[in-house]
Amino acid sequence: MKLFFAGIALFFALNCFADRELRLIDATGGAPLKVFMQAAVELAVADEISIVMHKELPSAALKALDNGDADAVIIDRRFAEGRPHLLLAAEALVLYTHVANPVNKLSKAQVQEMLYAPHPTWKKINGLNLDIQRIALKNSTPSGTLMRRVFGNKVMDDNIFKVDSMSAGFTFVNPAALFFAGFEPMPPRAMKVVYIDGIPPGSAGIIKGEYPLSLHYAIVYRQKNELLDELVKVLSKNKYRTVMKNSGLTVLLP
């Protein structure tokens with residue numbers, strides 16, 4: 001992410017004399033939206049546009065937008081608050097467990113309790129007299145940062161076992177385990193997904209915003225902007241859709 005914003009600053013310096021300027025703010029809190037800058041670079045090179053982009057907290061970003069100090073903000077849709085916006089992408093946190101575990105669904109409140117408790121057990125949930133072995137991807141991964149954002153950046157229990165990748169996490173899943181990771185359409189056969197508040201973590205639920213452990217990122221703007229429309233057209237190209245999908249995002253662009 002540091003390299004990402006260093007690249008933004010460098011790119012702006014190389015294009016500061018362009019006649020047309022698009023002012024953007026990233027308020028996603030670390031979402032894997034590097035593809036947005038890649039598209040901006042392509043647009044700026046082709047059309048001699050100056051792209052100015054920096055990072056802010058949601059409240060400061062929206063204040064800058066309302067004051068006319070930015071043309072658009074990339075932000076969690078929950079913060080759009082009635083402003084005009086275009087959905088960009090979504091990402092979801094999914095819970096996997098072993099097929100031998102009788103649990104099929106949990107509430108979001110139960111999941112939160114599991115994450116903050118020092119020694120959560122399965123006993124009251126599915127009758128297993130076992131501690132819940134929680135597995136999650138490391139904080140440096142996209143799913144790791146997503147996990148913190150979904151649950152409000154609260155400090156989680158230190159005993160959660162952290163792994164480097166999805167495949168490594170699946171290796172450790174057993175009947176007592178609960179693995180927090182990104183959406184995987186085809187998990188290993190011995191794994192199953194856990195429904196949250198009765199909703200499965202499928203593409204349909206994620207796209208509609210019904211799945212409780214998903215976040216939607218939107219481009220929020222104050223008024224119609226020709227340069228922003230051009231950027232969205234570039235982002236809609238197949239190559240950028242592919243990059244977003246490979247980053248664990250569900251593309252929501254038209």
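Let's start inside a sheet: Asp26 stands opposite Ile74 in strand β3. This is a predicted model, so to speak of local features the pLDDT has to be at least 70, side-chain atom pairs count only at pLDDT 80 or more, and totals for chains, interfaces and linings use all residues. Residues are numbered from 1 along each chain as its sequence is written, and side-chain values use heavy atoms, with hydrogens and water left out. The chain's secondary structure comes to 10 helices and 12 strands; these are DSSP runs numbered from the N terminus, with helices being H or I of at least four residues and strands being E of at least two.

- The chain has a mean pLDDT of 84, and 90% of its residues reach 70 or more; pLDDT is the predictor's confidence in each residue, from 0 to 100.
- Confidence is lowest in helix α1 (residues 2-14), with a mean of 41, and highest in strand β10 (residues 195-196), at 96.
- Over residues 1-17 the pLDDT stays under 50, and the model has 24 contacts for that stretch beyond four places in sequence. A contact here means heavy atoms within 4.5 Å.

**Overall build**

- For 254 residues, a compact globule would have a radius of gyration near 18 Å, and the chain's 20 Å agrees with that. The radius is taken over C-alpha atoms, and the globule rule is 2.2 Å times the number of residues to the power 0.38.
- The C-alpha trace spans about 70 × 30 × 30 Å along its principal axes.
- Of the 254 residues in the chain, 48% are buried. Buried means under 20% relative accessible area, exposed means over 50%, and partly exposed is in between (1.4 Å probe, protein chains only).
- Take the contacts between residues at least 6 apart in sequence: 76% of them join residues at least 24 apart.
- The accessible surface comes to about 12600 Å², and 55% of it belongs to carbon and sulfur atoms. Those areas come from the Shrake-Rupley method with a 1.4 Å probe, and for residues only the protein chains shown count as cover.

- Strand β1 (residues 20-27) pairs with strand β2 (residues 49-55) in the parallel sense, over 7 bridges. Two strands count as paired if DSSP finds at least two bridges between them.
- Across that pairing, Glu21 stands opposite Ser50 in β2.
- β1 is also joined to strand β3 (residues 72-76) by 4 bridges, and these two run parallel. Here Ile25 stands opposite Val73 in β3.
- β3 has another partner, strand β11 (residues 214-221), with 5 bridges and an antiparallel run. The bridge partner of Ile74 in β11 is Ile219.
- Because 5 of the 5 residues of β3 are buried, this strand is largely enclosed by the rest of the structure.

- In helix α3 (residues 58-66), the buried residues are Ala61, Leu62, Ala64 and Leu65. They cover an arc of only 155 degrees around the axis, which puts them on the same side of α3; the arc is that of the directions from the helix axis to the C-beta atoms.
- Ser59 and Lys63 are exposed on the other side of α3, while the cover over its buried residues includes β1, β3 and β11.
- After α3 comes Gly68, with a positive phi near 85 degrees.
- Helix α10 (residues 238-246) buries Tyr240, Arg241 and Met244. Looking down the axis of α10, these buried residues fall within an arc of 105 degrees, so they line one face of the helix.
- Asn238, Lys245 and Asn246 are exposed on the other side of α10, and the helix is followed by Gly248, with a positive phi near 90 degrees.

**Residues worth a look**

- Most residues other than glycine have a negative phi.
- Glu81 is not a glycine, yet has a positive phi of about 50 degrees. Glu81 is found in the loop between β3 and β4 (85-98), and is exposed, with a relative accessible area of 61%.
- Asp197 also has a positive phi, near 55 degrees, in a residue other than glycine. Asp197 lies in the loop between β10 and α8 (203-208), and counts as partly exposed at 45% relative accessibility.
- Gln112 is in helix α4 (residues 108-116), and counts as partly exposed at 26% relative accessibility.
- Gln112 and Lys224 are 112 residues apart in sequence, and 40 Å apart in space, C-alpha to C-alpha.
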